[in-house]
Protein chains: 2
Amino acid sequence: MPVIFPQSPAYISGSMADKTKTTIHDIAKKLNVTASTVSRALHNNPRISEETKKAVLKAAKQLNYQPNQIAAALRHGKSHIIGVIVPTADRSFFASVVRGIEEIANKINYKVIICQSYDSYEKEVQTVEALVSAGVDGILASIGKNTTAFDHFKQAQAKGVPVLLFDRTTDELDVSQVMIDDHLGAYKIVEHLIQQGCRRIAHFTNPRKISIYKERLRGYQDALRDHDIPFEESLVVESNLQLEDGRNSMKKLLKLKKRPDAIFSASDYGAMGAMQVLKEQKIKIPQEIALAGFSNEPFTSFTDPPLTTVDQLSITMGNFTAELFFEQLQSDKKPIRQKTILTPEIIIRASSLRKENN
Amino acid sequence: MPVIFPQSPAYISGSMADKTKTTIHDIAKKLNVTASTVSRALHNNPRISEETKKAVLKAAKQLNYQPNQIAAALRHGKSHIIGVIVPTADRSFFASVVRGIEEIANKINYKVIICQSYDSYEKEVQTVEALVSAGVDGILASIGKNTTAFDHFKQAQAKGVPVLLFDRTTDELDVSQVMIDDHLGAYKIVEHLIQQGCRRIAHFTNPRKISIYKERLRGYQDALRDHDIPFEESLVVESNLQLEDGRNSMKKLLKLKKRPDAIFSASDYGAMGAMQVLKEQKIKIPQEIALAGFSNEPFTSFTDPPLTTVDQLSITMGNFTAELFFEQLQSDKKPIRQKTILTPEIIIRASSLRKENN
DNA sequence: GGTTAATATGTAATCGTTTGCGCAAAATAA
DNA sequence: TTATTTTGCGCAAACGATTACATATTAACC
């Protein structure tokens, strides 16, 4: 229910300035010089006398001058804006990556345009085109789940807009990539479970052909193998890894003749679903069944027991991605295509901690 | 540890296009017309023959033309970009609001620049200036905690950049505002606690002069009064409302001669801290002490018991803010300053549910 | 004093699109 | 047929900042 305010006098009377941004021409006129002199003065060009510079700076302040970046951008082809594409900005992980990118960008006076692809291929294509149109100086993207063709990124590159991928990447593009080592994260956490005495470790995974889930599965398998634990097909449950899926998967596993003594879910939500079922059935966590998830979602520290998980270094990833990008942007050499793989950290919490001191 | 890739041949050889965006002049040249004709054709101007239009569209597609929005923006003073300023983009609430804004903006082909003030006044000022410089068509902002002067926003308005505030707003500016009714949210949730049989309801609040906490406190007091429950100063605990603060506040309350039988925390984190302490001390939730928070942070549905809280309609707020903004932008009339107050929803969960059917 | 160099500023083109104005040619009206 | 309108397009000036090139003034040097 909107409340309509009475218009304030100031708003009506036009006592506010005349809605005209001042330009270098205004400053020039005031000082009886030309716009080029003003421009040079503002850029501290050595060919301008100190006297004039001071006068220009003073006038600029007086007139409350702010440069029109659009004009500047048009003139020299640099907008000082970078585009970031994420599947969705309100997932904690991506929100943090974006924050990490922004931190770096802001330091050197770059602005960030955030776009969401909603995992739609069409939207992703449009977004890339729009960003190119908007004249961004580069695109940092995490590709959508349904993207299998990459021409839109190639087009951007062809038009001189550098592209860099993070988290969800592909080798089909000639771009630098920043991601985390999903295999290692999974390996480490499964190893941890083994160290806690677990021997029948189940795994919740996703059937999609997305590399992250395949990597986590591989990490799980490799850790088992390296510790001489046989891999059992029946202990791997495929699903969408959401809360409900986790519940269903857990129920399914509880029906096995030989129950697992630990669950490693490739997502925290899946692990959370499992936790709910276990608690409902009064199965002790971690004594009877230990639990571990993946992603370090914010909620994992608030569950009871708190959930062991893998932190994906989201902020770091953002920082790193941005730093890499700006490095490549500044060096006028052809960017060196490189793949940076960050090492994830396992966060051990009570849901997997059977021994007191470990 | 970066992995350096071998450069792919394509990347070196320059087999990719020549990094030159095609312009309307390129199209014009190809068709032996002028750029103005091309421009008009692309804009479906009735003065251009169908024949020419078709030819232009075809050539545009062939040459992979994408308009340079920077040039267009310079020409007609509209960038089709809006700036959004939030204290921090990785807090669930703001991330969702931003998403809500983006949803609407995208529909009409607007891009969103996201900026974070980190609750720093200086950063906020800089950000506003930068956005004006960047030529945004408007600024949607949630003001920082430390902002008490608003000249930077006035300056933006003076330069013709409309401003609209959401969530954290102020009446000191001549702008439309979108927020939620904190008073009502608090009132409703306290009323709910009363209906559950609670009579000694404590409140965690924040001493800052931020209106949201004052409003929640008022809502709490009004609900008590309307149900003939005396207000007790000793049941109101001030803190920063973070997890630790909640723990401390709870411990403090447990030392009272007469313990409270419910806690309404102005933040979910505070409530979570209380929950931890109660569980440590084996105090039953909600039977002995019921709990309610505020904000509907994502973790609240995963606690044990799940936490009763107030949802702030973040996405809706974003949608609404953006819609309001674009309405005002489109109507060439002077924007009508209006205050929109959304009604929050209380989310009742087990932490406060004493009676089975309610 | 005349040539050269250094200094400080102006001129004008440019970035790519948009758009008011104008001008033919074609179409219609008288 | 002539007058008038309509149609289709070109011309050129914006938008605001930047910058290569030119110019004017002063200083410096032999």
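**Polar contacts.** I started with the interface of chain A and chain B in this predicted model. I looked up polar contacts across it and found 20 residue pairs, both partners at pLDDT 80 or more.

**Salt bridges.** Next I checked charged pairs across the interface of chain A and chain B. The rule gives four salt bridges. I noted one that joins A:K279 to B:D304. Their closest N and O atoms lie 2.5 Å apart.

**Elements on the chain A side.** I then asked which elements of chain A give two or more residues to the side that touches chain B. The helices are α5 (69–76), α6 (92–107), α7 (121–133), α8 (151–158) and α12 (268–280). The strands are β1 (2–4), β3 (111–116) and β12 (338–342). By class, I count 37 nonpolar, 22 polar and 19 charged residues on this side of chain A.

**Extent.** I looked up the contact totals as well. In chain A, 78 residues are in contact with 80 residues of chain B. The two chains bury about 7100 Å² between them. Carbon and sulfur atoms carry 57% of that area.

**Cavity.** I found one cavity of 30 Å³ or more in the structure. The largest cavity holds about 60 Å³ of space. Which residues line it? From chain A I list A:A89, A:A95, A:V98 and A:I114. From chain B I list B:A89, B:A95, B:V98 and B:I114. Two elements give two or more residues to this lining: α6 of chain A and α6 (92–107) of chain B. I sorted the lining by class and got eight nonpolar residues, no polar and no charged ones.

Definitions and conventions. Residues numbered from 1 in each chain as written. Chains lettered and ligands numbered in written order. Predicted model: local features only at pLDDT ≥ 70, side-chain atom pairs only at ≥ 80, totals over all residues. Heavy atoms only, no water. Contact = heavy atoms within 4.5 Å. Buried area = accessible area lost by both parts, 1.4 Å probe. Salt bridge = Lys/Arg side-chain N within 4 Å of Asp/Glu carboxyl O. Polar contact = N/O pair within 3.5 Å; in protein donor to acceptor, adjacent residues only side chain to side chain. Helix = DSSP H or I, 4+ residues; strand = E, 2+ residues; numbered from the N terminus. Nonpolar A, V, L, I, M, F, W, Y, C, P; charged D, E, K, R; others polar. 1 Å grid on protein atoms, 1.4 Å probe; cavity = no way out; pocket = protein on both sides within 12 Å on 5 of 7 lines; lining within 4 Å. Points joined across faces, edges and corners; volume = space filled by probe spheres on them.
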